[in-house]
Amino acid sequence: MAAIHRRPSWAIAESLATPEQAFLNRRNLLRGMGLGGLALAGAGALRARAEDADPTADLYPAKPNGAYTLDRPVTPEEVNANYNNFYEYGSQKTIASSAQQLRTRPWTVEIGGLVEKPMTLAIDDLIRTFPLETRLYRHRCVEAWSMTIPWAGFPLSKLVEHARPLGSAKYLRMETFYDPSMAPEQNSFFYNFPYVEGVTVAEAMNDLAFMVTGAYDKPLAKQFGAPLRLALPWKYGFKSIKSIVKIEFVEEQPLNWWQQLQPSEYGFWANVNPEVSHPRWSQANERVLHTGDYVPTLLFNGYAEQVASLYAGMDPAKLYM
Ligand code: MTE
């Protein structure tokens, strides 16, 4: 198991506790040379487009699922909606206005790989295929901050069943859109887009794994990863991939975006564990957005009862990175 650093997470500046830190210097250098501006071109087009009016708005608010409640207040929408990680729109937290460039219709989700019959689903058909529900979830970022959100959506297990994977499928590999015309940062020299994430089929079948289509009683705002994102509340937030266009069932463990970028700091499993530090900061506590509170981080982000059995018999040293 990785060394346990006792330095409290709040003792470090937030700027230090950001995964992009290793790249900032190079990026700043480029900006200084006038090259970074290329990646920002187009960021002025901030207005939501009329053609993006959401055709599924009638489905919200979705029925609350009483099994998923919280021991903390929900983070106010205006806080959550203005503090996001969405590298397709920049590596700072204030990407909300830039993310309005995202065009969410037309949108399709391709399901393929090791399945009985590959399919491409129009997003509105997909969203209407499964009954939607609202769940209150914790979200714990690997950067040691947390929030709580009323997500709406459907269990990922429903989509897996719909896809009818073959027995040989071991993992789901998911991909975000790739279209620099609506996400100029995707032209960046240093990031290899599209964003990719993965889970095991067993993880996908766990009831906690949730396909998110809405939040705060409305269709998903663009900065949250509209029109379809994942929520895996027992894992660090980077596993919860946004704006999904492709789901492939595969035999090999997928290499995720952060792993590709920084393999010494990010791994496939990324299960929340307060005892295992990130190489550059402690994971023992978390800053709860908006409240000013620092609270102890819980094993599996408080969801151990539901997910610990998924990892029985596995090498614990490997599960938390
Ligand atoms: N998905 C994509 N496509 N691009 C991203 O940059 N960031 C991840 C995850 N999913 C990210 C992504 C990280 S690091 C976190 S913490 C969460 O999204 C943030 O979700 P939020 O902005 O809704 O809080």
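This is a predicted model: local features need pLDDT of at least 70, side-chain atom pairs count only at pLDDT 80 or more; totals for chains, interfaces and linings use all residues.

**Entry 1: around the ligand.** I found 16 residues around the ligand, and the ones that come nearest are Tyr87, Glu88, Arg229, Ser240 and Lys242. Sorting this shell by class gave me 7 nonpolar, 6 polar and 3 charged residues.

Entry 2: For lysine 242, I read 2.7 Å between a polar side-chain atom and an oxygen atom of the ligand. Then I checked how much of the ligand is covered: on its own the ligand exposes 530 Å², and the protein buries 100% of that.

**Entry 3: the cavities.** Next I asked how many cavities of 30 Å³ or more the structure holds. I got 4 of them. The largest cavity has a volume of about 330 Å³, and this is where the ligand sits.

**Entry 4: the lining.** I went on to list what lines the largest cavity and came to 26 residues. Nearest the centre of the cavity lie Asn85, His139, Arg229, Gly237 and Lys242. By class, the lining divides into 15 nonpolar, 7 polar and 4 charged residues. Which element gives the largest share of this lining? I found that strand 5, residues 145-155, does, with 4 residues.

**Entry 5: the backbone.** To finish, I turned to the peptide bonds and the loops. I found a cis peptide bond between phenylalanine 193 and proline 194, with omega at about 10°. Proline 194 has its place in the loop between strand 6 (171-176) and strand 7 (196-200). Another cis bond runs from alanine 226 to proline 227, and there I read omega near -5°. I placed proline 227 in the loop between strand 9 (218-219) and strand 10 (229-231).

My last stop was aspartate 217. Is its phi positive or negative? I noted a positive value near 65°, in a residue other than glycine. Aspartate 217 belongs to the loop between strand 8 (210-215) and strand 9.

How values were computed. Residues are numbered from 1 along each chain as its sequence is written. Side-chain values use heavy atoms; hydrogens and water are left out. On a 1 Å grid over the protein atoms alone, a cavity is a set of points where a 1.4 Å probe fits but cannot get out, and a pocket is an open set with protein on both sides within 12 Å along at least five of seven lines; lining residues have an atom within 4 Å of a point. Grid points are joined across faces, edges and corners, and a volume is the space filled by probe spheres set on the points. Helices (H or I, at least four residues) and strands (E, at least two) are DSSP runs, numbered from the N terminus. Ala, Val, Leu, Ile, Met, Phe, Trp, Tyr, Cys and Pro count as nonpolar, Asp, Glu, Lys and Arg as charged, and the others, Gly among them, as polar. A residue is near a molecule or strand if one of its heavy atoms lies within 4 Å of it. A polar contact is a pair of N or O atoms within 3.5 Å; within protein, one must be able to donate a hydrogen and the other to accept it, and residues adjacent in sequence count only if both atoms are side-chain atoms. Accessible areas come from the Shrake-Rupley method with a 1.4 Å probe; for residues, only the protein chains shown count as cover. A molecule sits in a cavity or pocket if more than half of its atoms lie within 2 Å of its grid points.
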